[in-house]
Amino acid sequence: MEAVVIYESMFGNTAEIARAVAEGLSEQVAVRTVEVSATAPADDVLGADLIVVGGPTHAFGMSRLASREEAAGRRPGSPTVERGIREWLDALADDASGRFGATFDTRVKSVKHLPGSAARAADRVVRRRGLSPADSPHSFYVEGMEGPLCPGEVERAREWGRELGRTALLARQSLS
Ligand SMILES: Cc1cc2nc3c(=O)[nH]c(=O)nc-3n(C[C@H](O)[C@H](O)[C@H](O)COP(=O)(O)O)c2cc1C
């Protein structure tokens with residue numbers, strides 16, 4: 001069983017969560033962690049049974065080029081990522097169907113009551129692509145617009161990774 005964690009991150013918070021999720025997963029399954037702009041979706045998911053996708057919440061949903069440019073403007077030297085998880089999912093072929101999928105995001109704790117979440121938006125696309133959800137979309141919280149992560153979130157992400165690994169393994173065993 002192999003998992004791949006695909007992530008997008010402008011300020012490093014989602015990257016840290018992605019690494020923690022991968023750490024948790026690695027207790028159960030083989031795992032690769034891939035930054036979203038690094039390669040093409042078809043190569044990223046090759047051989048993966050579980051695809052975990054995460055990114056920052058921008059303007060109540062997944063980032064767009066304009067919101068990534070706005071983020072980059074806040075922190076000189078940060079990358080203007082041409083491709084975020086929205087574009088990555090758009091380019092993911094329908095033949096990824098039949099695998100397990102899970103989504104996560106980071107977002108600001110003080111506006112926790114607001115409905116917008118990149119993870120939920122990504123989850124809708126993942127389902128449309130025919131992946132079977134391994135869990136509900138998960139949010140991890142940052143203190144302010146640029147972070148840092150709230151206390152305990154890295155540990156929570158590691159635990160979620162463990163759970164995902166267990167769920168995906170059990171689901172695959174029950175299918176075979
Ligand atoms: C342009 C922009 C729009 C944002 N919109 C939201 C939002 O709608 N809701 C929210 O909770 N956080 C919002 N944020 C805060 C981001 O979620 C936060 O920057 C992100 O979690 C940090 O992740 P990263 O370090 O991986 O980039 C926004 C940030 C930026 C730069």
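**Getting to know a predicted model**

Reader: How far apart do the end C-alpha atoms of residues 3-165 lie?
Author: Welcome! This is a predicted model, where local features need pLDDT of at least 70, side-chain atom pairs count only at pLDDT 80 or more, and totals for chains, interfaces and linings use all residues. Residues are numbered from 1 along each chain as its sequence is written. The span is 36% helix and 21% strand (DSSP runs numbered from the N terminus: helices are H or I, at least four residues; strands are E, at least two). Its end C-alpha atoms are separated by 8 Å.

Reader: Is Ala18 buried or exposed?
Author: Ala18 is found in helix H1, residues 13-25. A residue is buried if 20 or more other C-beta atoms, placed from the backbone, lie within 10 Å of its own, exposed if 12 or fewer, and partly exposed in between. Because Ala18 has 28 C-beta neighbours inside 10 Å, it counts as buried.

Reader: How far is Ala18 from Ala122 in space?
Author: Ala122 is one of the buried residues in helix H5, residues 118-128. Along the sequence, Ala18 and Ala122 are 104 residues apart. From C-alpha to C-alpha, the distance in space is 15 Å.
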